[in-house]
Amino acid sequence: MNVADKKDFTVVNQRVDKIDSLALACGTAQFTDDVDIRGLLTGRLLYSPHAHARIKRIDTRAAKAVPGVVAVLTHEDLPRVRHTTAGQGYPEPSPYDTLILNDKARYVGDRIAAVAAETPEAAEEALSKIKVDYEVLPAVFDTMEAMKDGAPVVHDEADSKNIPDARHNIAAKFDFEVKETEWFSEADVVVDQWYKTQWAQHCALEPHVTITYLDPEGRLVIRTSTQVPFHVRRVTAQALKIPVKSIRVIKPRIGGGFGSKQEIVLEPVCAALTLATRRPVKIEYTRKETFVSSRTRHPAVVRVKSGARKDGTITDAHMEIYCDNGAYGPHALTVMMCAGSHTIPMYQAKNNRFIGRTVYTNHPVAGAYRGYGATQGFFAWESQMDIMAEKLGMDPLEFRRKNYIRLNEGSPVFKAMGEGREGVEQKITSCGLYACIDRGLAAIRWRERKDANRGQAGAKRRGLGMACLMQGSGIPEVDMASASLKMNEDGSFNLHMGATDLGTGSDTVLAQIAAEVLGITVKDIIVLSSDTDLTPFDVGAYASSTTFISGNAVKKAALHAREQIVKVAARILDVPAEDVELRDGKAVAENGRSCTLSEVANTALYYHDQHQIMGVASHYAQSSPPPFAAHFTEVEVDTETGQVQVLDYVATVDCGTAINPTLAEGQNDGAVLNGISYALAEEMLFSPSGAMVNPSFRDYKIFATTDTPPVKTIIIPTYEPNGPFGAKSVSEIGINGPIPAIANAIYDAVGVRLFEPPFTPEKVLKALKG
């Protein structure tokens, strides 16, 4: 049997305990701030009170005179190196438009100066004594207004790069069209509708925190809460004009990221303070700073114009999206592209068109957020599917079933729309969407509840809604991961990998993949991840890539080690290597003879042809097989108050082989709740002058345990031939369903359609009255 293609699993697809669960439960897991470093200074940042202002002069003399202050830095003290904070593969497709500290403020909360002091109190006092003379400039806050002639120009500097149209505040743009007939010439029904999504914050439990210090050899060590340690090393080196070899990045346990820690935000400025003082420095964001000065979801204005024949065949799919990136451009192109590339191929149409623009405004900076554009795009498309079905007089479920992309089908969108470059031509190699729909319908009792809801009376009305979804598994021909496995005398293995566990359980999942190949248990794998000095390269945790990309690298490394183990075992057992298999911690021959892996290791290390058994491998994907999902919900709408309550939520998901079903279910449950909270409550609000007015959990509502409705995840097994043991991604897709599913359910309940979340009582009442 070829172990690489096995489907009869002993470790994979099992509910193995998360390897760090006991440490997390007992409070012994080490997060970024869980270290005691002698001489640690407190770092603090000075922020602009203006949305748009040029800095004419900064006076730091009084700040430097504060007792306990060790350093005060401004843009005048640092290299003027434009870079992007987006943690993406090099060369990044985002504009190079950012400085560590700025000479022009572009939003309320932009960084102006940095202080390092012996105490937090001294640092705060120093900030209060920095005198800044601002020339206040006109600001622009509206996405569509920002593109007009005469709008204030957010980036008027000459040294930024990769901005396609700075004069019109366009940070990224992309147009695409493939058509077989004249637009809408075959359509019997045409729907043309605009949608809008809001600002939102990731709300990770652990805020951004970075500690920097110099090791005994004078190298810069960055201990940081990040999703992208290798990108942190590269971008920090670039921004500070120091060699990559002079930097080590360590990623400890992380208290959540959801995309916000795919940014290189704190590391360069904290490192600059350490280099200036030759002392360790810590910068930890407050919750307010996390809201305002880390990253947000891109708000978007979306237009979908679609056509269909009377028989329900979709003929035309036209999509426009206008994303607001705020003051700087990280992920400007790629989030906008994913809004189309993950949604338009979902349903097959003869004519496909995409028009995308991402614009600068004087709002806080948008970046990567779970769903990465698909969340905004699917709200529009899955609402549109229900609207079209109604106009056609079709069941919305059957309308979707008639048109969704199927096994062995492709789409011109896959090749046309990559992430920052041309995509890859590909076909669907696994798809469980039909089963997702069937299982979800049964689990939520769709037909029975539809019948029960007919002829409702009273103030409270119930309705059902659904949505179908797809995502991706890494970025083809862009993402790369690597791993190494070293065998020890007792038959255990050290697994070293650059993959970044955010609390998602990837250390466990990747250990399961290695253990499956080697015929051992997860307890025999010692995992070390995300240390740029000790672990091999990995792009990091984003784009739903870890299981698919890093998992394939681990599988290859394990197969490499397995070849060496089998060769040594065959000599010990005096049998051909092809007669040896690994199971239960042993090498077992077809004739029944066996030896332990410990014996194999000791033979290799001490007795014969001495060598270290070690597997090393990399993986570079040439496809991005999408997971599929179908979401179903029942809501109750109070027509007197406008309150929307989710009564039940079922999410079925095809993620190929679930390497660890418990962790996969947990990922999807969390994504769904994240999406429900975004659909019904979450929104960043701003004053007319651009200041965020609700930067705390007192005023920015997120769903807590007491708000959580019944949520059920059902995993639909398929086998993805390009994934490790048949696996695809699962971490992001779940967040894309709640907004359209709830919007469709509200319409089913009370007959009003909402085009702009969050679906607050005020908006529902206004729609009912309208």
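Me: What makes Arg353 lie over the face of Trp183?

Reply: The distance from Arg353 to the ring centre of Trp183 is 4.1 Å. A charge sits over a ring if NZ of Lys or CZ of Arg is within 6 Å of the ring centre and within 35 degrees of the ring normal. The 4.1 Å value is within 6 Å, so Arg353 meets the distance limit at Trp183.

Me: What are the ground rules here?

Reply: This is a predicted model; local features need pLDDT of at least 70, side-chain atom pairs count only at pLDDT 80 or more, and totals for chains, interfaces and linings use all residues. Residues are numbered from 1 along each chain as its sequence is written, and side-chain values use heavy atoms, without hydrogens or water.

Me: Where does the charged end of Arg401 sit?

Reply: Over the ring of Tyr434, 4.6 Å from its centre.

Me: How many aromatic pairs does the structure hold?

Reply: Twelve. Rings of Phe, Tyr and Trp (its six-membered ring) pair if their centres lie within 6.5 Å; planes under 30 degrees apart are stacked, over 60 edge-to-face, the rest tilted.

Me: How do you know whether Trp446 is buried or exposed?

Reply: Buried means under 20% relative accessible area, exposed over 50%, partly exposed in between (1.4 Å probe, protein chains only). Trp446 has 4%, so it is buried. Phe632 has 0%, so it is buried too.

Me: Which residues do ring pairs link into a cluster?

Reply: Tyr195, Phe379, Phe755 and Phe759.

Me: What makes Lys241 and Arg278 stand out in phi?

Reply: Most residues other than glycine have a negative phi, and most peptide bonds are trans. Lys241 has a positive phi of about 60°, and Arg278 also has a positive phi of about 60°. Lys241 is in the loop between helix H4 (229–240) and strand E11 (247–250). Arg278 is in the loop between helix H5 (267–277) and strand E12 (281–284). Lys241 has a relative accessible area of 64%, so it is exposed. Arg278 has 53%, so it is exposed as well.

Me: Where are cis peptide bonds found?

Reply: One joins Tyr90 and Pro91, with omega about -5°. Another runs from Pro757 to Pro758, with omega near 0°. Pro91 is in the loop between E3 and strand E4 (104–105). Pro758 is in the loop between helix H17 (738–750) and helix H18 (761–769).

Me: Which residues of helix H3 are buried, and why are they said to be on the same side?

Reply: Ala122, Ala123, Ala126 and Leu127 are the buried residues of H3 (residues 120–129). They cover an arc of only 140° around the axis, so they lie on the same side of H3. The arc is that of the directions from the helix axis to the C-beta atoms. The face turned away from the buried side carries exposed Glu121 and Ser128.

Me: What covers the buried residues of H3?

Reply: The cover includes strand E1 (41–47), helix H2 (61–64), strand E3 (69–73) and strand E5 (111–117). Contact means heavy atoms within 4.5 Å.

Me: What makes E3 and E11 edge strands?

Reply: The open sheet has seven strands in the order E3-E5-E1-E12-E9-E10-E11, with mixed pairing. E3 and E11 each have a single partner strand, so one side of each is left without a neighbour in the sheet.

Me: How do you know that E3 and E5 pair?

Reply: Two strands pair if DSSP finds at least two bridges between them. E3 and E5 have four, so they pair, in the antiparallel sense. Leu73 has Ala114 of E5 as its bridge partner.

Definitions and conventions. Helix = DSSP H or I, 4+ residues; strand = E, 2+ residues; numbered from the N terminus.
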